[in-house]
Amino acid sequence: MLDIGLLVRVHVDALIVAQNHMGVCDAIRRIAPVGKLAAMSAPHLPKVAGIDPEDPVSTHTTAPLTEVPGPPGAFIQDRLAGWVSDLTTLHELTERLAGTSTLDDALNELLRAGAALVGARRGLLVLEPAHSEGPSATLGLGLSHAELGHIETVPRPATALGRALDGAPGTADGVASPDLLGEQDLDPRHREVAARLGYAASYALPLSSEAAGRLGAALWLYDEPAEPAQKQRHLAGLYARYATEHLARLIELERARADVAAVAEELLPSRLPRISGVQLAARHRTGPRGGGDWYDALPLPDRTLGLAVGSVGGSGPSAMAAMGRLRASLRAYAVMEGEDPVAVLSDLELLLRLTEPARTATALFAYCEPAARKVVLAGAGHTPPLVLGERRCEFVETTLSAPLGMLACWEAPSVEFSPAPGETVLLYTDGLLRRTGDPMDRAFARLHSAAASVPKAGRHDPAAVADHVLRTMLPDGLDRTDSAEDVVILAAHFD
């Protein structure tokens, strides 16, 4: 990581040294002959570790000391002050970038910061990792989707962005096109798009480093013929190198999250069974580390149906593995004795206590007879189901019991109820409640309100019911955030 704070301190120290040095030079000038003075005051800036004094990182003049009117000490102070100002700005921008935790936020921050450094108003960025299967993306700054589409119609080799993306020779330090419309050999389509969108110059910068390789490139657009100064290019290059490393870390994180989500989905049913008299729908959201929330729906003999939801304590690969074992075991017990949910959960309790004594879990199993519209269920430390219909929206009264693995022997009486035609039974995990951030009593009230507010037109579709509850409970994409809590909703609509 670029330690901008250290560089600022180094330059402040250099400023103090320079001031002391110039005080000595003034004293010598008063007593030394002119020839000797000229030799002693030859233009030379002190070398500072990590900084090349010849790098033009300031907007102030870089002319030799003997050509600058006024006291030479003022010039050195002015130049060092410019260095400190530039490095402070760079430090602030990198701190803001480091504060981003998602790839989209980092890409947008990079575009905005780059535009400020090179003095542009608009830009676009293409994420295109060269040596990995990482995510690809195209986003713009001050450009609509239609305008981005116009730019993409320009042949790739004809644009500075395309050459930077392809790693063409001479593009490592950036590609400036100071007067696009004045170029005689400009691609006709590029000329047409530039005139339509109203940009006259561009500056492209590859996003690459030795460690991360080439990840993509950014392009900034100017309304008038222009190009960034050497100082601006230098600062933008430093920023881009740091941004590339940060993006590489976020890409690896995104890839890991995608792998976790894929494994979690593979451990859950690939499709829901079709049973006469009942329609099913499920929604599942996995946390970034992978959690232990699960659901299941399996056909049983005599056209009956077993529904289950549960949650394993903890997160990460171990919790996901335990969730897979628990679900597989429950399926076996349900096939053998599904008509007795208490027996199913009792066997599951015994298995968990013997094979994984340090782990706890909650579970709810329901035995459904769709033809008779009869449901018998038992729960072990799990949240109660909710029944939604034309005339009622209420939680099913279940018996209180401890989670699996917390008692020497688990057993609680089952509960039987009959959903009316057109009613939907909603099973869910407590992650749906916890992701709201509300206390549990308020979260239950929100869930009841969300279910009661399902539009009448969608109450006969379990998928519409599940989607409405999810959006209402977790609005503004809260169901997609990096919460540690998994979310499971299983909806069963009885015809």
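## Sheet, hairpin and helix packing

Helix H12 (residues 440–452) lies across S11, S12 and S14, and its direction makes about 150 degrees with S12. Helix H13 (residues 462–473) also packs on the sheet, where it touches S6, S11, S14 and strand S15 (487–494). The direction of H13 makes about 30 degrees with that of S6. The model is a predicted one, and the description below should be read accordingly.

The sheet in question is open and consists of five strands in the order S6-S15-S14-S11-S12, with antiparallel pairing. Strand S6 (278–285) and strand S12 (393–395) are at the edges; each has a single partner strand, so one side of each is left without a neighbour in the sheet. On average, neighbouring strands of this sheet are turned by 15 degrees against each other, direction ignored. Within the sheet, strand S11 (residues 386–388) and strand S14 (residues 424–428) run antiparallel and are joined by three bridges.

H12 and H13 pack with their axes 9 Å apart, at an angle of about 135 degrees. That angle makes H12 oblique to H13, and the crossing of the two helices is right-handed. On the H12 side the contact involves Ala443, Arg446, Leu447, Ala450 and Ala451, which meet His468, Val469, Thr472 and Met473 in H13. By class, the residues of this contact divide into six nonpolar, two polar and one charged.

H4 contributes Leu103, Ala106, Leu107, Glu109, Leu110, Ala113, Leu117 and Val118 to the contact. From H8 come Gln232, Leu235, Ala236, Tyr239, Ala243, His246, Leu247, Leu250, Ile251 and Glu254. The contact of H4 with H8 has 14 nonpolar, two polar and two charged residues.

Attention now turns to strand S10 and its partners. Strand S10 (residues 374–380) is mostly covered, with six of its seven residues buried. Strand S9 (residues 361–369) pairs with S10 in the antiparallel sense over seven bridges, and Tyr367 stands opposite Val376 in S10. S10 is also joined by three bridges to strand S13 (residues 415–417), and these two strands run antiparallel. In that pairing, Val375 has Phe417 in S13 as its bridge partner.

| Strand pair | Bridges | Sense |
|---|---|---|
| S11 and S14 | three | antiparallel |
| S9 and S10 | seven | antiparallel |
| S10 and S13 | three | antiparallel |

S9 and S10 form a hairpin with four residues between them. Which residue in the turn of this hairpin has a positive phi? The residue is Arg373, with a phi of about 50 degrees. Arg373 lies in the loop between S9 and S10, and at 29% relative accessibility it counts as partly exposed. Most residues other than glycine have a negative phi. A positive value also occurs at Asp302, a residue other than glycine, where phi is near 65 degrees. Asp302 is in the loop between S7 and strand S8 (304–315). With a relative accessibility of 75%, Asp302 counts as exposed.

Strand S7 (residues 291–300) holds Leu298. Is Leu298 buried or exposed? At 3% relative accessibility, Leu298 counts as buried, because the cut-off for that class is under 20%. Not counting residues up to four places away in sequence, Leu298 touches Pro273, Thr304, Leu305, Gly306, Arg331, Ala334 and Val335. Leu298 and Ile275 are 23 residues apart in sequence, and their C-alpha atoms are 9.6 Å apart in space.

Methods:
Residues numbered from 1 in each chain as written. Predicted model: local features only at pLDDT ≥ 70, side-chain atom pairs only at ≥ 80, totals over all residues. Heavy atoms only, no water. Pairing = 2+ DSSP bridges. Axes fitted to C-alpha atoms, helices over the stretch in contact; angles between N-to-C directions. Contact = heavy atoms within 4.5 Å. Buried < 20%, exposed > 50% of the residue type's maximum accessible area, 1.4 Å probe, protein only. Nonpolar A, V, L, I, M, F, W, Y, C, P; charged D, E, K, R; others polar. Parallel < 35°, antiparallel > 145°, perpendicular 65-115°, else oblique. Left-handed = near helix turned anticlockwise from the far one by under 90°.
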